[in-house]
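Subject: Structure handover and notes

Hello,

Here is the structure you asked to look at. Please open it beside these notes as you read.

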Amino acid sequence: LVFTPSLTATEMTHLATTLHFDGGSVPNPGLGGAGAVLTDASGAELWDGAFFVGERVTNNHAEYVGLCHGLEAAVRLNLQRLSVFGDSELVIKQMRGEYAVRSASLRPLYDRALGLARQIRSCSFAHVPRARNTRADALAAQGRMLRDAGSAEHGPLSRADGRTALVPVLSARTASEPIDLTGDDAADEPHVGAAAPCSGVGVAAGAGAAAHAQRKAKRTRPQAAVPSHQGTAAESPATKRQAL
């Protein structure tokens, strides 16, 4: 992976292909939506997607879902040079290896995003302010309203026509299904330091919740009962003599 610092709007226009992603929940955690858009150097959209993430997810979870969907689209379109922009400092710095990923609920999504990014020859990540991420933000807001449909994507009509027309993409993928969060994602706060090595590509979304449940069960596992000594007081000398 190639990591670049935050870029200005002028610098962004000289990049071959860009991915903007976003995600959010109302409240947090709450109803979540995610969005992403791929554009070429001229600013023309190659693909866009809005996705319903879940009934009770965090902002960070929704952000990662948007990133994963955008990277999936880039891989499907066989893009070889991609610059990724998002307004989530946490997600960007985790993808750059500047923050560790210690949240069990985010780890599978991080692993998935990293695995997808490694399928692209040159893939960089940079943080941008929310004001320069408005298209992805609007798609994320749209995603929160897609509870029944699940997602809405538009992709190129064909590779041969220069991707000048976008048409709806029919998809039965369930990549946006949320991890069942049972806590408040307390581990999602920034952790400075290199991220731990990923455990693989395409980790099941439920793995984070399963690990969380196992740790919770371990913490609440009842301790072995201590034998009670009530009613077993030492025999008096007189009792011992009677027994003899």
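Predicted model: local features only at pLDDT ≥ 70, side-chain atom pairs only at ≥ 80, totals over all residues.

Residues are numbered from 1 along each chain as its sequence is written, and side-chain values use heavy atoms, with hydrogens and water left out.

Overall layout

The chain has 7 helices and 7 strands. Helices (H or I, at least four residues) and strands (E, at least two) are DSSP runs, numbered from the N terminus. In sequence order the pattern is α-β-β-β-α-β-α-α-β-α-β-β-α-α. Of the 244 residues, 43% are buried; buried means under 20% relative accessible area, exposed over 50%, and partly exposed in between (1.4 Å probe, protein chains only). The accessible surface of the chain is about 12,800 Å², with 55% of it belonging to carbon and sulfur atoms. These areas come from the Shrake-Rupley method with a 1.4 Å probe, and for residues only the protein chains shown count as cover. Among contacts in the chain with a separation of 6 or more, 76% are between residues 24 or more positions apart. A contact here means heavy atoms within 4.5 Å.

Nonpolar cores

A nonpolar core is a set of buried Ala, Val, Leu, Ile, Met, Phe, Trp, Tyr and Cys residues joined through side-chain atoms within 4.5 Å. In soluble globular proteins, nonpolar side chains tend to be buried together. The largest core in this chain has 38 residues, and Leu38, Leu67, Leu71, Leu82, Val84 and Met95 touch the most other members. At least two core residues come from each of strand E1 (17-26), strand E2 (30-40), E3, helix H2 (59-76), strand E4 (81-86), H3, H4 and strand E5 (122-127). H2 gives the largest share, 8 residues. Leaving aside neighbours within four places in sequence, Leu67 is in contact with Leu19, Phe21, Val84, Val91, Met95, Ala113 and Phe125. Another core, of 6 residues, lies apart from the largest one and includes Ala50, Leu139, Leu146 and Ala152.

H4 is mostly covered, with 11 of its 11 residues buried. In E3, 10 of 13 residues are buried.

E2 and E3 pair in the antiparallel sense over 9 bridges; two strands pair if DSSP finds at least two bridges between them. Within this pairing, Gly35 stands opposite Ala50 in E3. The hairpin has 4 residues between the strands, and Gly43 takes a positive phi near 95°.

Ser88

Where is Ser88 found? Ser88 sits in the loop between E4 and H3, and is buried at a relative accessible area of 8%. The Ser88 side chain reaches the backbone nitrogen of Val91 at 3.2 Å. That is a polar contact, defined as a pair of N or O atoms within 3.5 Å; within protein, one must be able to donate a hydrogen and the other to accept it, and residues adjacent in sequence count only if both atoms are side-chain atoms. Beyond its neighbours within four places in sequence, Ser88 is in contact with Glu63 and His127.

Salt bridges

The search of the whole structure finds 9 salt bridges. The criterion is a side-chain nitrogen of Lys or Arg within 4 Å of a carboxyl oxygen of Asp or Glu.

Arg135 and Glu45 form one of them, with the closest N and O atoms 2.7 Å apart. Arg135 lies in helix H5 (residues 134-143) and Glu45 in strand E3 (residues 45-57), so this pair ties together parts 90 residues apart in sequence. Both are partly exposed: Arg135 at 35% relative accessibility and Glu45 at 24%.

Lys93 and Glu89 meet in another salt bridge, at 3.1 Å from N to O. They are 4 residues apart in helix H3 (residues 89-95), a separation of about one helical turn. Lys93 is partly exposed at 24% relative accessibility, and Glu89 is partly exposed at 39%.

Asp111 and Arg107 also form a salt bridge, with the closest N and O atoms 3.2 Å apart. They too are 4 residues apart, in helix H4 (residues 107-117), or about one helical turn. Both Asp111 and Arg107 are buried. Elsewhere, salt bridges that share partners join Glu45, Asp48 and Arg135 into one network.

Regards
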